[in-house]
Amino acid sequence: MVAGSLSLSKQHSGVSHSVSFLLGALLPTLLLFFLASDRVGEKLASISSLGNGSAHQHANISGDGSAGEKEERSFPGLAELLPKVATDDGTVIITSVNEAWAEPGSLLDLFREGFKNGEDTAHLLNHTLIVAVDAGALARCEAVHPHCYLLEVTSANVTAANRFMTKSYLELVWAKLSLQQRVLELGYNYLFTDVDIMWLRNPFRHINLHADMAVSTDRFNGNAEALTNAPNTGFYYVKSTNRTVEMLRRWQAARSRFPPTHDQAIFDEIKVELATGELQIKLVFLETTLFDGFCQFHGEMDRVCTMHANCCIGLENKVHDLRNVAAVWKNYTSLAQSEKSRGKYRWPVPAKCKASMGHR
C-alpha cells in the first residue's frame, strides 16, 4: 500500500509539474492576447461592464475592485461625466486649462470661438471636456461651457501662464496623462487638443480612426507612418484598447528613464519601442497641410482643419497671433465660394510668435 501511495504521489507530482509548466508557457501568450484585444468595451464586458444605457458599452479594466475604487477616488465623478460628453462611437474631445488660459479674452475664449466659427465644428463643442487644473479655471469654465472637470495639480503653482519647460509647465503636461489613461480604461477613445489650437474644420474626417494613435507633428516629412516624424502631443487621437492603456502606463513610467522633460520629448524617445515591441502600437502622423501650426506654416486656407500656436513662447504672443488667425478666417468664411476658389487669401504671418522664438 505504501509503495502504491508513493507511486501515485509521484504521478500526481509529475502532473502538477506538467500543469505548472504549461501554465507558465501560456501566461505570456495570454498576456499578449489581452493586450492585443481590439476593443476594451467589447473584449472585457463580461469582466466589468460600465454600460451607460446606450448602444455603446464601456468596460473598466483597472483590475480588481479595490484598484477600480482607487481610480474612482483619484478621478471622482469622471465615469459619470464621460457618457454625457462622448460621441455616439464613444469618443471624447479633451483640452485642459489653468486660470491664466481661461481668463476672459484668453486662450479658452479663442478656442471656443474657433469651434463656433468653423465649418462643421460647432456641434463638437458638446463633445468637449474641458479639464480645469485649478479652482479659478473651473469657475471660468463652468460659466461658459457645459462639460468641465477639476483635476487639481497640487505639486506646483499652475494658475499662472506657465512658460515652456518650467516646473509648473511640466507638472501640467504630465497630470493630463493620468486622466487620459483613466478615460481609456473606462472604454472611451479621446482626442486631446491643446487649448492654443483653433479648430477650423472637422478634423475627424482626416484622422485614421483605425490607428491606435494619430498624432500631429511640428514638421511632417511626407510619410504618415514613418517613425522619423517628430510627434507633437498637443493634438492626438487615441483609440481605447488594452494595448493603448498599457501604452499610457509605459509613457508615464518612462519619465523616470530620462532627464526631467515634458511628455512630448519622452514619447518621441519611446515611440519606436511602442510601435515595434510587443505592444505593436500602430502610429500615424498627421499632415501639417491639414493640421497646421506656426512651426511649419502653410499659407493655404482651403484644406486646413486646425491651426496650432506652436513654436511660440509666451501666452500674450499666442493670444495675439491666434486672434489674427481668427479674424482672417472669419473674413474668409464670409466669402462666396467663387471668391474662395481664387486662392488669394492667406494666413497672416504669426509675427509675435516667430519673434518670441528668436529670443529664447
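Does Ser96 count as buried or exposed, and at what relative accessibility? Ser96 counts as buried, at 18% relative accessibility, where buried means under 20% relative accessible area, exposed over 50%, and partly exposed in between (1.4 Å probe, protein chains only). The model is a predicted one, in which local features need pLDDT of at least 70 and side-chain atom pairs count only at pLDDT 80 or more, while totals for chains, interfaces and linings use all residues. Residues are numbered from 1 along each chain as its sequence is written, and side-chain values use heavy atoms, with hydrogens and water left out.

Ser96 belongs to strand S1 (residues 91-97), one of the elements that are defined as DSSP runs numbered from the N terminus (helices: H or I, at least four residues; strands: E, at least two). Because seven of the seven residues of S1 are buried, the strand is largely enclosed by the rest of the structure. Thr91, Ile93, Thr95 and Val97 point one way from S1, whereas Val92, Ile94 and Ser96 point the other way, and all are buried. Once its neighbours within four places in sequence are set aside, Ser96 is in contact (heavy atoms within 4.5 Å) with Trp101, Val131, Phe192 and Val195.

S1 pairs with strand S4 (residues 189-193) in the parallel sense over four bridges, pairing being assigned if DSSP finds at least two bridges between two strands. Five bridges join S1 to strand S2 (residues 128-132), and these two also run parallel.

Elsewhere in the chain, an open sheet of three strands has the order S5-S10-S9, with mixed pairing. Strand S5 (197-199) and strand S9 (291-293) are its edge strands, each pairing on one side only. The twist averages 20° from one strand to the next, with axes taken as lines fitted to C-alpha atoms (for helices over the stretch in contact) and angles running from 0 to 180 degrees between N-to-C directions. S5 and S10 pair in the antiparallel sense over three bridges, and Met198 has Met307 in S10 as its bridge partner.

A cavity is a set of points, on a 1 Å grid over the protein atoms alone, where a 1.4 Å probe fits but cannot get out, and lining residues have an atom within 4 Å of a point. Grid points are joined across faces, edges and corners, and a volume is the space filled by probe spheres set on the points. The largest cavity has a volume of about 70 Å³; of the 13 residues that line it, the closest to its centre are Thr217, Phe291, Asp292, His308 and Asn310. S9 gives the largest share of this lining, three residues.

Most residues other than glycine have a negative phi. Gln280, however, has a positive phi of about 55° although it is not a glycine, and it is found in the loop between helix H11 (263-276) and strand S8 (283-285). Cys311, likewise not a glycine, has a positive phi of about 50°.

Methods
1 Å grid on protein atoms, 1.4 Å probe; cavity = no way out; pocket = protein on both sides within 12 Å on 5 of 7 lines; lining within 4 Å.
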